[in-house]
Amino acid sequence: MEDENGRPSEADEPPAEVKTVNQIVAWNIAWYRKAAGLTQEELGELIGGRSKRNVSADERSWDGGHTREFNASELAALANALDVPIGAFFLPPEDDGEAVRYQFRPHDAADLMDMGDLMSMV
């Protein structure tokens, strides 16, 4: 399709979906756990005896039913168990910009930010 000047028009941007930073962390925990070939039970044992049920709930918080808030100690334990840098938990989901554009709102901020903004903070 062409615009009014005869140039190819830009493809429509994918729809935006607002997530919290904790939801991005939850998505990455699941992604890195699976990449490491660990079960939820195995990851729970590596991070201090959390149950499979708790690890599952942490990962499911990506979907937003109940969002888990992760603290620095937990992120350090997860990074150690999964052998990734802590910053890896803040990477955008792999489909960001394709089917959807993920955005987040920093605590009490008025404006939404995109995953590029989050990456510049990491």
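**Notebook: one predicted chain**

I began with Glu94, which sits in the loop between helix 4 and strand 2. Helices (H or I, at least four residues) and strands (E, at least two) are DSSP runs, numbered from the N terminus.

I noted that this is a predicted model, where local features need pLDDT of at least 70, side-chain atom pairs count only at pLDDT 80 or more, and totals for chains, interfaces and linings use all residues. Residues are numbered from 1 along each chain as its sequence is written, and side-chain values use heavy atoms, with hydrogens and water left out.

**Entry 1: Glu94**

The cut-offs are under 20% relative accessible area for buried, over 50% for exposed, and partly exposed in between (1.4 Å probe, protein chains only).

I then looked up what Glu94 touches, not counting residues up to four places away in sequence. The list is Trp27 and Trp31. A contact here means heavy atoms within 4.5 Å. Glu94 and Trp27 are 67 residues apart in sequence, and their C-alpha atoms are 9.9 Å apart in space.

**Entry 2: Asp83**

I found Asp83 in the loop between helix 4 and strand 2. Asp83 is not a glycine, yet its phi is positive, about 55°. With 71% relative accessibility, Asp83 is classed as exposed. I also checked its distance to Asp111: 28 residues in sequence and 34 Å in space, C-alpha to C-alpha.

I placed Glu74 in helix 4. Its relative accessible area is 24%, so Glu74 is partly exposed. Leaving out residues up to four places away in sequence, Glu74 touches Arg68 and Glu69.

Ala77 is partly exposed, because its relative accessible area is 28%. I compared its position with Leu46, which is 31 residues away along the chain, and the C-alpha separation is 8.2 Å.

**Entry 3: the nonpolar core**

Which residues have the most contacts inside the largest nonpolar core? They are Val25, Ile29, Leu43, Leu82 and Phe89, in a core of 25 residues. At least two residues of this core come from each of helix 1 (21-35), helix 4 (72-82), strand 2 (101-104) and helix 5 (115-121). Helix 1 gives the largest share, six residues. I wrote down the meaning of the term: a nonpolar core is a set of buried Ala, Val, Leu, Ile, Met, Phe, Trp, Tyr and Cys residues joined through side-chain atoms within 4.5 Å. In soluble globular proteins, nonpolar side chains tend to be buried together.

Val25 touches Phe70, Leu75, Phe89 and Phe90, with residues up to four places away in sequence not counted.

**Entry 4: the whole chain**

I listed five helices and three strands in the protein chain. From the N terminus on, the order is β-α-α-α-α-β-β-α. Of the 122 residues, 34% are buried. Among contacts between residues at least 6 apart in sequence, 61% join residues at least 24 apart.

I looked at the overall dimensions last. The C-alpha atoms fill a box of roughly 60 × 35 × 25 Å along the principal axes. The radius of gyration of the chain is 17 Å, whereas a compact globule of 122 residues would have one near 14 Å. This radius is taken over C-alpha atoms, and the globule rule is 2.2 Å times the number of residues to the power 0.38.
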